[in-house]
Amino acid sequence: MHAGERQRPPHQPAVLPIYQTAPFSFDSAAALDDGFHRADQQGLYTRYANPNIQVVEEKLAALEGAASAVAFASGMAAISGTLSTVLHAGDRLLAAADLYGGTSGWLAWLVERHPSVVVDWVPLDDIAGRLEAGAATGTRAVYLETPTNPLLRSCDLARIGEACRRDDLPWMVDNTFATPILQRPLEFGATYVVHSATKYLGGHSDVTAGIVAGPDEELESVRRTLRLAGGCLDPHAAFLLARGMRTLPLRIARQSENAARLAERLAAHPAVEKVYYPGNDPVARRQMSAGGAMLAFEVAGGLPAANAFLDRLELVKIMPSLGGVETGAVLPAVTSHKALSAQRRAELGIRDGLIRMSVGIESGADLEADLVSALA
Ligand SMILES: Cc1ncc(COP(=O)(O)O)c(C=O)c1O
């Protein structure tokens, strides 16, 4: 909670005010010249650095146990900014087949425009085995998500970490769904950990942001990409994000507790065919300190029944995002994974009637009653 909140004289506000400014100004021409020689580029121009942005970067680095972090204007900006720093012409990326649709969409776009970059799509469960067997020769980096969006699948971070260490391979984990409160990929040796901060880190569905954490030297290169490519976070968005991050552990505890309760209730309901919840997955249980606040399920009757269910919810919002204090539900086939072909979705097991739910901080009893009544 305290990381990044350094007191700045002379007024010592308890909360850092919003530095809503694009440029910073200087007392003299000499000060301007000195300023532009500063290594950290603070106090010059918000695309290079801004105190509010620095607060969220220090907070995420502290939470993930990283040396550094770099904030971006969205999760996609953080993912594309980091991958375009890591990948060079002619490189091969080993990517998990199960990824947020925007991430797989960006990788497909990259390969189409820069065909010398190759992406090997590997099923999540095969990544560790592929690396251990030495079958990933020529791979320059590994990219994955765990638990995944939307089927909440998990992969074994310890095994992947061991194989990547042996081959000296940088690897990157999207930790948006677990958050550093429940899972810290860097402790398993991951090089980079990335977040859509729009989700749990912000926590109130009112800010779009992204952030990546990792070692100093690598993050300096990512920061250079950010300064050149320009996807910087706005200071007001950074202020809101820092405010959200202060309550992250409290929200995650409450939201995970509610989600575990709903996962159990749904599994026992005759109208529910299948429930996906990391708390029931032995791999997730080994590396996450609780089951998390995301779940997915299928109701009997497929797409028409899933649509009817969404329409009958009263408390739970129909909402194409996640990680906020309010519970939201959505059909991934028409939102987060709409960009994938129907065949690709079928291969991944994302059925048209799959419902993904982000569980909030409401009363667990109220949420349960809303679900049970919509299912009835
Ligand atoms: C797991 C995951 N990663 C990345 C993103 C992209 O984040 P943003 O929407 O902040 O760009 C999302 C968005 O839904 C996501 O669910």
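A contact means heavy atoms within 4.5 Å.

**View 1. Contacts across the chain.** This is a predicted model, where local features need pLDDT of at least 70, side-chain atom pairs count only at pLDDT 80 or more, and totals for chains, interfaces and linings use all residues. Residues are numbered from 1 along each chain as its sequence is written, and side-chain values use heavy atoms, without hydrogens and water. Take the contacts in the chain with a separation of 6 or more: residues 24 or more positions apart account for 72% of them. Of the 376 residues in the chain, 55% are buried (under 20% relative accessible area; exposed is over 50%, partly exposed in between, with a 1.4 Å probe and protein chains only).

**View 2. The pair Tyr 45 and Tyr 48.** A search of the whole structure finds five aromatic pairs (rings of Phe, Tyr and Trp, its six-membered ring, with centres within 6.5 Å; planes under 30 degrees apart are stacked, over 60 edge-to-face, the rest tilted). Tyr 45 and Tyr 48 form one of them: the ring centres lie 5.5 Å apart and the planes meet at 65 degrees, so the pair is edge-to-face. Tyr 45 is partly exposed, at 32% relative accessible area. Tyr 48 is partly exposed too, at 23%.

**View 3. The pair Trp 106 and Trp 109.** Here the ring centres are 6.4 Å apart and the planes are at 25 degrees, so Trp 106 and Trp 109 are stacked. Both lie in helix H4 (residues 101-113), three residues apart, about one turn of the helix. Helices are DSSP runs of H or I, at least four residues, numbered from the N terminus. Trp 106 is buried at 15% relative accessible area, whereas Trp 109 is partly exposed at 39%.

Note on methods: Helices (H or I, at least four residues) and strands (E, at least two) are DSSP runs, numbered from the N terminus.
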